[in-house]
Amino acid sequence: CACVQAGPCSAPAPLRAQTADVKREDVLLTRLAFGSCNKALSPQRVWGAVRAKAPQMWLWAGDAVYLGGDQPGNLEEAFEAQGQQVGYQQLLSDNIIVDGVYDDHDYGGNDAGKHFASRAQSQQLFLDFIGVPGDSPRRKRKGIYSSYLFGEGKRGAAPSQRVIMLDTRFHRDNHVIPSLAAIKLPLMSLVAATVRWLTMSLGFGSEHVGDILGEEQWQWLERQLRNSSASVHIIVSSIQVLTSNPLVESWAHFPAAKRRLLNLLLSSRPANLVLLSGDVHFAELSGNPPLELTSSGLTHTCGTTFWGRYCGSLVRAFNRHRRHFASYGVGSSRNDGVRASESSREEGASSEGW
């Protein structure tokens, strides 16, 4: 480094982790639940099982609602319909912390990213849905990303838990071949999945420099992680981070962004890191470590679609990201994910990071 001053130069002060957006020193987070892929007008039998686990926090991992077909025609109506689900109302009455992120369907467009015309409106509607106050700084950001810090203290003292929620839609560039899923024609989602598979299989997108988070969010994420004293770190990404499945939307289709994320995690070494994701309509445990837990659908899964008979075969065909966890299967039943923060050591994660 270099400095210009009258006295002797000194090394720059180490970067301290940024204060989380929400601090709950009164709560020691030991159990949270998360889920994704939920249709507001479909039967939702899952909430009783969620409440039985007595989580302190519920995190939406994306696709809290869907639009079109037998579902509402716009986001405002869809979020209102979800809010009227009796089981969900009962969950809210438990004084539980509810937060999370959107994915493409509750963002407003299948496979949509930064070019989605209504993205600013979608941000505000989602924040309304999860009850973010109107004067929150989160309302003024470009994107819904946010963080919590539970408990207090530093390593070796009272434990604390940092929950970081990423917005993978607001700033996301197009795929190397822009997705065709937004075209409102039959089977276009399958066409988009096939294109993703072909581009990765042929190596066509291996040098794609498209971004996911946007520079402002990248800088914010680094400040959340650098020298964080939290004993547990949970990062929520609506799309999968570690998967090798080329059919689904994931960080793998944006290799430059994925490398940047993994390099940041390697250099900052957050203690007891767990990644949470949704989107893909099946449950999965990936990584060795870091661990990534993916929630299967709350109201529907890949096994309940017209091509459901092939779901298990396709999921198991792409398994390199699960190779260290042969004893763990994949699930295509409807469910939510439940995570006890202290269990990361039981799964083999180091207390000092990964």
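In which loop is Asp 111 found? Asp 111 is found in the loop between strand 4 and helix 4.

## The model and its conventions

This is a predicted model, in which local features need pLDDT of at least 70 and side-chain atom pairs count only at pLDDT 80 or more, while totals for chains, interfaces and linings use all residues. Residues are numbered from 1 along each chain as its sequence is written, and side-chain values use heavy atoms, with hydrogens and water left out.

## The chain as a whole

The protein chain contains eight helices and 11 strands. Helices (H or I, at least four residues) and strands (E, at least two) are DSSP runs, numbered from the N terminus. Of its 354 residues, 53% count as buried. Buried means under 20% relative accessible area, exposed means over 50%, and partly exposed lies in between (1.4 Å probe, protein chains only).

The protein chain exposes about 16,000 Å², and carbon and sulfur atoms supply 53% of that area. Such areas come from the Shrake-Rupley method with a 1.4 Å probe; for residues, only the protein chains shown count as cover. Among contacts (heavy atoms within 4.5 Å) in the protein chain with a separation of 6 or more, 75% are between residues 24 or more positions apart.

Helix 4 spans residues 119-129, and its buried residues are Ser 122, Gln 123, Leu 125, Phe 126, Leu 127 and Phe 129. These buried residues pack against strand 3 (57-61), helix 2 (75-83), helix 3 (86-93) and strand 4 (97-101). After helix 4 comes Gly 131, whose phi is positive, near 80°.

In the loop between strand 4 and helix 4, Asp 111 has a positive phi of about 65° although it is not a glycine. Asp 111 counts as buried because its relative accessibility is 8%.

## Val 163 in strand 6

Val 163 lies in strand 6 (residues 160-165). Its relative accessibility is 0%, so Val 163 counts as buried. Leaving aside neighbours within four places in sequence, Val 163 is in contact with Leu 29, Leu 59, Ser 146, Ser 147, Tyr 148, Phe 150 and Ile 234. Val 163 and His 233 are 70 residues apart in sequence, yet their C-alpha atoms are 6.0 Å apart in space.

## Helix 6 against helix 7

Two packed helices are described by the angle between their axes and the distance between the axes. Helix 6 (residues 215-225) and helix 7 (residues 255-268) pack at an angle of about 20°, with their axes 10 Å apart. Helix 6 is therefore roughly parallel to helix 7, a description that applies to angles under 35 degrees. Axes are lines fitted to C-alpha atoms, for helices over the stretch in contact, and angles run from 0 to 180 degrees between N-to-C directions.

Helix 6 contributes Glu 215, Trp 218, Gln 219, Leu 221, Glu 222 and Leu 225 to the contact, and helix 7 contributes Ala 257, Arg 260, Leu 261, Leu 264, Leu 265 and Ser 268. The contact residues divide into seven nonpolar, two polar and three charged. Here Ala, Val, Leu, Ile, Met, Phe, Trp, Tyr, Cys and Pro count as nonpolar, Asp, Glu, Lys and Arg as charged, and the others, Gly among them, as polar.

Most residues other than glycine have a negative phi, and most peptide bonds are trans. Arg 269, in the loop between helix 7 and strand 8 (273-277), has a positive phi of about 45° although it is not a glycine. Arg 269 is partly exposed, with a relative accessible area of 40%.

Pro 290 is found in the loop between strand 9 (284-286) and strand 10 (291-294). The peptide bond from Pro 289 to Pro 290 is cis, with omega near 10°.

Terms used
Angles under 35 degrees count as roughly parallel, over 145 as roughly antiparallel, 65 to 115 as roughly perpendicular and the rest as oblique.
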